[in-house]
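Hi everyone, thanks for making the time today. I'd like to walk you through one structure, so please have it open while I talk.

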Amino acid sequence: MRLATTPRWLAIPVLAVGCATMASDAPDYTSVPAWTTRAVPEARGDVRTLPGGKRQAVRYKGWTAADFGKFRTYAYVDTRPDIPVQRAAMPNGVAGDPKKGRALFMLRAKGPCTGCHLIPGDDVWPAGSVGPDLSTIADRRLTNDYLFQQVYDPRVVFPQTSMPPWGAVGVFTPEEIVHIVAFLQTLKGPAPPEKDPDRNPQTRKKPVGFGDNLDPTNNPAVLLAEDAEPQWQAKGPAGKACADCHTGGPEKSMKGVATRYPRFLPQYKRVMSIEDFLTVHGPEMTGTPLPAESEAHLTMAVRVKMASNGMPVAIDTSSPEARAALTRGKASFYRRVGERNHACADCHTPEKGANKFLGGRLLGNVTDGLTRHFPTWRTDRTEVWDMRKRMQWCMTPLGMNMLPSDSIEYAELELYLTTFDVGKPISVPGIRH
Amino acid sequence: MSDIGKVRLRIPSSIKAGDVVRVRSLIIHPMERIERDAQGKIIDKKYNYITKVTVTYLGKAVVSFDTTQSVSENPFFSFAFRATDPGPLKVLFTDTTGGRYEGTADIKFS
């Protein structure tokens, strides 16, 4: 769904006049400059070729090294078309085995289908609710051919579905789908009574959070941010420290700054978050490199944003450049990417997956505003993550190679996400699972 | 980890003499876990983790905890004591490398 580019002479008057309809304008990719990443090596989305010719993606420590180069990413230069919709017939001569089908349904290395669909069984843990509950699907007396097509490529019947075209992208072979269909045809009602309300995503308790994120005895990130103070005072090779220009310390001099980011910065011809800006502004002024996703970078980003805690997000998207960026960011939000052919919107809009369970995870709702607690402490990682690392994490299981964390594409997507935070108070560092 | 040993204590903002006061404390510490080699054998080395937490109030030990590797990274401890007199409350963390990290809260009555 790479959208047609509008000539600039046409796009600008449209943007100036049609404020309310801005979002529906076609995004213009011609004015986006190239950007050289200033991220640490593991955050650049590089792919290297091993001596045997195998390609390996460079990601953070402990993340998969799988290369998903076959599939479309968020890169604006990636103009590959949509994955073609495929009509498929059941292969002849394969006898469906419900037992094999159930194992495939649950297999974490594939779907797992249980991430979105509930089926009976105490071993189904944890099931999601993004897709329909399939506990009694066989009672609907759907044909095998229909179910096969639904798994292979459901877009034939539902063009706007959130479900990946499992067969069309090659995650499941046709034979495997026959087994899955055979399993689904065994799911006759009534569903067995639930022993544990947490098994069923409809009755499962919603997570309650981790308490006060600004309490230093509760959120280790608050203590870690104190390391920014010596950084703030340290003179770099250029003979200057942050403190030399920004007088009064970060708390006073940075007050309210974070409420205005992400924003379009004419001197760099691009949208930048605080994090992006620090990677160029810090080295330019002090001479000390501050690569994106380095510990020093995140610490400083947290410290700068903490100075705006409690203040409402107030980004200004009125300039033509910012509006064009916002249009591109919104297009990215709805762009289908990766092996799973998902869009952000599939999981994070209330019309689709937001506030539902994906496995055991409750999916965030974009309209609540998802950015104002970043960088955030992740309790399961015991690390501080900024918005970009969170995006890269989100995109990896979708079967997609990531972009550099400071890329323009991510910045404009973040700009779009931040429009939903406007008027709501910043609270950094957040604390999340 | 450069920031090992940062300690933060939190006490209620208003305390009256004789109150039972709940103290929250957090320390930045890696609390190294047992590592195993490819064969699954425990690697024998000196792991760095906190073994003792001692709380002192008005110069007197009020409570101490013996801790092991099964306590999480950046551990959180909470405990209660009776505030009888104004004075310092100290929490001292000792780890296996001999590191001693102390946090102090000043108990004042309002």
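The axes of α2(A), residues 98-106, and α4(A) cross at roughly 105° and come within 7 Å. Axes here are lines fitted to C-alpha atoms, for helices over the stretch in contact, with angles from 0 to 180 degrees between N-to-C directions. Helices (H or I, at least four residues) and strands (E, at least two) are DSSP runs, numbered from the N terminus.

Before going on, some ground rules. This is a predicted model, where local features need pLDDT of at least 70 and side-chain atom pairs count only at pLDDT 80 or more, while totals for chains, interfaces and linings use all residues. Residues are numbered from 1 along each chain as its sequence is written, and chains are lettered from A and ligands numbered from 1 in the order in which they are written.

Which residues of α2(A) meet α4(A)? They are A:Pro98, A:Lys100, A:Gly101, A:Arg102, A:Leu104 and A:Phe105, and on the α4(A) side you'll find A:Glu176, A:His179, A:Ile180, A:Ala182 and A:Phe183. Contact means that the C-beta atoms, placed from the backbone, lie within 7 Å. Nonpolar means Ala, Val, Leu, Ile, Met, Phe, Trp, Tyr, Cys and Pro, charged means Asp, Glu, Lys and Arg, and the others, Gly among them, are polar.

Now α3(A), residues 144-152: this helix packs on α4(A), residues 174-184, at about 125°, with the axes 9 Å apart. That angle makes α3(A) oblique to α4(A). From α3(A) the contact takes A:Asn144, A:Leu147, A:Phe148, A:Val151 and A:Tyr152, and from α4(A) it takes A:Ile177, A:Val178, A:Ile180, A:Val181 and A:Leu184. Nine of these residues are nonpolar, one is polar and none is charged.

**Loops and confidence in chain A**

Two cis peptide bonds are worth a look. One runs from A:Gly111 to A:Pro112, with omega near -15°, and A:Pro112 sits in the loop between α2 and α3 of chain A. Another joins A:Gly189 and A:Pro190, with omega about -10°; A:Pro190 lies in the loop between α4 and α5.

As for pLDDT, the predictor's confidence in each residue from 0 to 100, chain A has a mean of 93, and 94% of its residues reach 70 or more. Over residues 1-23 of chain A, though, pLDDT stays under 50. Where pLDDT is low, the predicted coordinates should not be read in detail.

**Over to chain B**

Chain B has an open sheet of three strands in the order β1-β2-β5, with antiparallel pairing; strands pair if DSSP finds at least two bridges between them. β1 (7-10) and β5 (76-82) stand at the edges with a single partner strand each, so one side of each has no neighbour in the sheet. The twist averages 20° from one strand to the next. Seven bridges join β2(B), residues 20-27, to β5(B), and B:Val20 has B:Arg82 as its bridge partner.

Six bridges join antiparallel β3(B), residues 50-57, and β4(B), residues 60-66. In their hairpin, with two residues between the strands, B:Leu58 takes a positive phi near 55°, although B:Leu58 is not a glycine.

Finally, where the chains touch, the contact takes nine residues from chain A and eleven from chain B. The chain A side divides into four nonpolar, two polar and three charged. Thanks, everyone!

Methods. Contact = placed C-beta atoms within 7 Å. Parallel < 35°, antiparallel > 145°, perpendicular 65-115°, else oblique.
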